[in-house]
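Student: Could you walk me through this one, starting with how its chains meet?

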Amino acid sequence: MEKPIHMEYLLNELANIKVRNERQRRMRLDVPSKELPAVLELLKGRAGFMHLSAISCVDWIDENQFELVYHLWSNQVSTLVSAHTRIERDPGVYLSVYDLYKPAAFWERDIHEMYGVFFEGSPDMEKFILTEWDGPPPMRKEFDSEAWVNDHFDWQNYRPDWLQEIEQEGGGIAILPDEQRFSRKAEE
Amino acid sequence: MKEFPVPVQTAEDPSVKKQSGNIFSNVFDELVRFAQSRSLFMLHYCTGCGAIELPPAMTSRFDMERLGIQPMVTPRQADILLITGYVSVKTLKRVILTYEQMNAPKYVIGICSCTVNGGMYWQSYATAKKLNDYMPVDLYIAGCMPRPEAVISGLRQLMEKIKIGEANSWQDYFKRYDYYLGNQQRLFGETWQTPTDIIGESKHYSLHTPETEGEHTRLLELHQRPLEPLEMRLGLSEKTEDR
Amino acid sequence: MRAENYEPKQHPPSHEYELNFGPNHPGIEGNYALKVKLHGDTVVSARADAGYLHRGFEKLMEQRLWIQNIALVPRICVPDPSPMEVAYSMAVEQLCGLDVPERAQWLRVMQLEMSRITAHLFYFGGHAATTGMYNPMFWGVADRDLVLDLFEELTGGRVYCIYNMPGGVRRDIPEGFLDRLSRLLDYLESRLPEYDNLFFTNHVLINRAKGTGQMSQHQALEWAVTGPNLRATGLQCDVRRDDPYLVYDELEFDIPVEQGGDALARTLVRRSELQQSIRILRQIIQRLPSIKGPIRAPIPNPLAWNVPAGEAYVRLESSKGELGWYVVSNGGQKPYRVHVRGPSSMHAVQVLENLAKGSRLEDVAQIMFSLDACPPEVDR
Amino acid sequence: MHIGLGELLIELTLMPLVAFIVGMLMVLMMRRVGARLQRRVGPPFFQPLYDIIKLHSKETQISHGLIHDIGIIMAVGGYIAAETLLPVPGMNGIAEKGGLITLLYVMMIPSLGLALGVGQCANPNGSIGISRALTAMLAYDIPFVIVMAGVAFIYGTTNLVEVINIQQEGGIAAWGAVQMPFMALAGLFALQGMLGKQPFEVYVAPAEIATGPMVEMGGKYLGGLFVMQCFQLYTASVLYVTLFLGGGENWLFLLLKAFAVLLIPISIAFLFPRFKTDDLVRLMWKWPVLLGLIGLVLINYR
């Protein structure tokens with residue numbers, strides 16, 4: 001689908017932006033992190049992108065970057081714009097767009113507790129879902145959920161007494177301890 | 001590796017009781033057990049996705065009330081704690097608080113595979129894998145999720161167990177409190193505590209055994225502080241009054 | 001605690017007090033908590049507390065194969081699971097450039113609309129029960145069960161169907177299914193007047209629901225309210241129409257709108273939507289036999305399936321609002337990142353907190369249920 | 001009529017006992033009617049009994065202090081006292097000495113006892129519930145007192161035994177419902193409020209305050225409340241029958257009338273949502289009071 005004309009004009013005003021029309025009614029913008037708030041403001045003010053559908057965060061650990069994706073929908077031009085921007089993973093600080101989009105408060109709070117990205121100017125950076133979690137931000141790629149599970153939980157006993165009796169009598173299928181799901185008890 | 005016995009009471013307990021008492025108290029006990037089995041109030045607490053199959057089981061189509069099972073609202077009123085599916089760590093704390101508030105005899109039913117072994121969330125950092133580490137479970141109903149028929153048939157089994165006097169796993173919580181508390185502390189941290197004085201109650205109901213107290217309860221005493229009302233954080237709404 | 005040990009706690013004198021709605025409270029939908037501060041009967045401020053249903057779906061999905069995730073995704077929203085699997089499948093198809101056969105698309109629409117009916121029937125009961133009327137719940141859940149029976153026949157699962165897979169659907173309809181569906185629709189339509197008499201035109205209910213949890217259209221747009229809750233403020237806005245997917249652009253249906261933006265309007269919108277879903281299903285019953293062809297596109301070996309690198313954002317209209325799925329692949333066998341935008345993550349947090357503020361204690365539960373907030377979508 | 005002390009004692013024991021058994025049947029009827037309206041089977045015949053036995057046989061009991069215990073005793077005891085003041089066929093108990101006014105007072109004791117007991121629990125839901133219950137009591141007591149006044153006017157006595165005798169001697173034409181239809185209607189409102197059923201179920205309200213006064217009740221405390229509910233249904237319906245439907249000529253008629261009367265609030269209860277508390281007060285002070293006052297005027301100008 002062709003972009004509506006005024007979208008083209010609009011996007012021409014912006015330098016440093018890569019525009020890709022991926023699919024029908026989908027448009028991908030790659031924006032440098034400094035210019036993103038301005039781009040969003042322009043999109044909201046000039047093309048009716050009123051609806052912030054979501055803010056996603058992707059952890060590109062190999063490049064040591066977080067990618068923030070702002071999904072915006074406009075009924076005026078019937079297009080979903082995904083504005084991508086990359087920030088450095090290390091301080092992990094970015095600007096909040098709460099003054100433009102109220103729903104950003106939830107998404108930024110969510111990204112903060114799942115990835116540890118801090119948004120300056122967001123109304124509330126307190127924990128929401130993981131209030132009783134004291135580990136690292138779990139959605140980061142370096143967090144190994146399976147290891148954490150093995151560390152903190154026991155597995156159900158897959159060899160109850162009655163099954164062991166059967167095994168001793170020559171029936172059943174004996175599962176060797178090292179083939180079972182590992183757990184604290186097996187390590188001891 | 002210390003193996004803990006699976007908390008299932010054998011059928012011998014009631015028969016021992018039967019011989020010791022006189023005939024009237026036996027009849028009375030039996031009547032009480034029968035009434036207990038025919039009147040089960042289950043706690044209205046949806047801990048997970050299995051809760052979606054409870055409304056069909058309760059309402060017009062399967063109608064649990066004809067078996068004397070009805071939902072109750074607060075833990076004080078309830079007999080059955082239905083753990084309907086995965087329990088996240090945050091929920092598990094509430095579940096334990098809830099369980100300790102209930103009046104015995106109380107029964108715990110783990111519905112859905114997730115309560116048995118973590119189910120499809122076995123890799124998840126947020127859900128508990130094995131419910132009977134944290135509280136004694138009377139009955140598991142496996143399935144993802146079990147159909148209402150399965151739930152009802154499980155409840156019928158529980159009723160049978162109550163009728164013959166086998167469903168006293170609640171005593172196990174008093175008798176082996178140290179074990180359960182140890183598992184809870186391992187997951188929630190050393191400072192974990194509940195407002196209920198389990199040791200005191202176990203003494204009061206003469207369910208105190210050597211295994212009630214141990215290293216974990218000593219740890220608890222070390223950290224126990226008087227109960228404070230929970231802090232409420234209401235910052236957001238006040239900050240953004242004009243929203 | 002024994003009576004002799006009991007020491008009543010002294011609280012500081014205050015005109016305001018705090019009350020926890022949930023997580024174990026019948027006035028809360030699912031396992032969720034709302035902490036409210038009250039002055040008399042008026043809510044001064046409310047604060048949502050989620051995470052009781054957190055399973056770390058997005059993390060789990062990064063650890064499993066593309067095809068394995070199909071079993072995982074419906075669990076994200078328990079009362080209305082089908083849109084989840086459709087959305088995920090569509091996202092994977094977009095990444096791979098798979099073309100879904102037309103018949104599969106029709107079958108998907110059928111599943112989505114049936115799922116919408118079940119969710120709405122459940123919703124009516126929930127809303128009625130918060131106001132103390134339990135009959136609609138008993139009836140609604142029983143009628144919903146009949147739809148679930150058809151789901152079971154079609155897919156083998158009552159609630160979690162796992163009917164979709166990237167490329168299409170798993171199996172074709174059984175013989176005589178469309179007749180049974182048609183009979184069920186007749187039955188549901190014949191039940192609607194009874195629901196009307198009992199529930200939708202009940203004076204006491206109207207008295208209670210009118211003006212409760214009212215939001216203006218402007219507020220709704222600002223808070224990113226979507227779906228029936230937005231349509232209850234008078235805006236005709238539906239992803240099925242604005243951003244059509246599957247075969248919705250070939251189907252005729254109205255987008256019901258109510259003015260008012262209160263709990264009553266939200267309920268009435270859903271009642272009309274139920275009728276529209278029945279209408280859509282009738283069209284499907286008519287059209288489906290004439291659409292021949294396969295029900296799924298061939299896919300590579302699913303156990304060693306490298307989905308091409310890329311990203312896709314799929315929007316869907318679930319029974320609760322706009323559902324968004326953002327899926328990123330780096331060309332591996334597992335998704336690199338999946339992000340779910342549940343409509344309730346807006347409704348159950350920001351909107352609920354704002355609507356509850358200033359309302360009465362009696363209405364808090366009603367506001368939550370009338371927004372049709374689904375906590376597992378928030379927690380994921 | 002003079003009866004011996006022994007006989008009186010037997011009556012005083014029997015009256016609450018009969019009331020309890022009939023009350024359990026009424027609870028059963030209430031649940032069965034609800035079940036039928038919801039297209040279900042409903043609970044088995046002995047379900048209310050099972051519930052009460054089970055609740056009293058709980059092995060651990062959680063008390064919140066002495067007042068908590070006393071509150072429940074007051075709640076049940078108040079109704080037991082009320083039963084002895086409520087004449088039934090063959091048994092008058094101390095009804096002749098008590099009369100309508102005493103009964104009115106005694107019937108308030110349970111609510112107050114509940115307020116005491118629940119207040120001790122320090123659960124905010126319970127406190128809100130009890131404040132709502134007392135508000136509701138205030139709301140339905142105004143029409144109730146007007147009805148009482150009308151009854152006293154028309155029969156010239158507050159002695160319930162005499163009220164029954166006057167009605168039974170005059171036949172159906174002398175029934176309160178025929179003599180003062182407006183009063184009977186106002187009485188129905190008060191009955192609905194007294195039973196606390198929808199649309200006046202403000203103080204239980206599970207979705208709002210998690211069953212209010214019952215929130216911290218478990219074991220025998222909840223059992224006490226279940227017993228209280230049996231008494232409550234019995235007292236309210238039999239009192240209505242006594243005042244307006246000529247009392248019971250014999251037990252069969254009494255029960256028939258009482259169950260028929262009870263059917264009205266129960267069926268309404270399952271068809272309506274609940275009002276808000278202030279709506280309840282507004283409604284109670286408007287229509288039943290108006291009806292009652294019209295009834296009073298009519299009685300005076302008869």
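**Chains and contacts**

Tutor: Happy to! No contact joins chain A and chain D, and their closest C-alpha atoms lie 24 Å apart; two residues are in contact if their C-beta atoms, placed from the backbone, lie within 7 Å. This is a predicted model, where local features need pLDDT of at least 70 and side-chain atom pairs count only at pLDDT 80 or more, while totals for chains, interfaces and linings use all residues. Residues are numbered from 1 along each chain as its sequence is written, with chains lettered from A and ligands numbered from 1 in the order in which they are written.

Student: Which chains have the most contacts between them?

Tutor: Five pairs of chains touch. Among these pairs, the most contacts are between chains B and C.

Student: Which helix gives the largest share of the side of chain B that touches chain D?

Tutor: Here 19 residues of chain B are in contact with 29 residues of chain D. Helices (H or I, at least four residues) and strands (E, at least two) are DSSP runs, numbered from the N terminus. With four residues, the largest share of chain B's side comes from helix 2 (residues 23-38) of chain B.

Student: How many residues does each domain of chain B bring to the contact between them?

Tutor: Chain B is divided into domain 1 (13-168) and domain 2 (176-224), with bounds from an automatic or database domain assignment. Their C-alpha centres lie 23 Å apart. The contact takes nine residues from domain 1 of chain B and, from domain 2 of chain B, eight residues.

Student: Which residues have the most contacts inside the largest nonpolar core?

Tutor: Such a core is a set of buried Ala, Val, Leu, Ile, Met, Phe, Trp, Tyr and Cys residues joined through C-beta atoms within 7 Å, and buried means 20 or more other C-beta atoms within 10 Å of a residue's own, placed from the backbone. The largest core has 333 residues, and helix 11 (residues 219-244) of chain D supplies its largest share, 17 residues. Those with the most contacts inside the core are L34(C) and L352(C).

Student: In which sense, parallel or antiparallel, does strand 2 of chain A pair with strand 5 of chain A?

Tutor: Two strands pair if DSSP finds at least two bridges between them. Strand 2 and strand 5 (residues 79-88) of chain A share five bridges, and R26(A) stands opposite L80(A) in strand 5. Their sense is parallel.

Conventions. A residue is buried if 20 or more other C-beta atoms lie within 10 Å of its own, exposed if 12 or fewer, and partly exposed in between; C-beta atoms are placed from the backbone.
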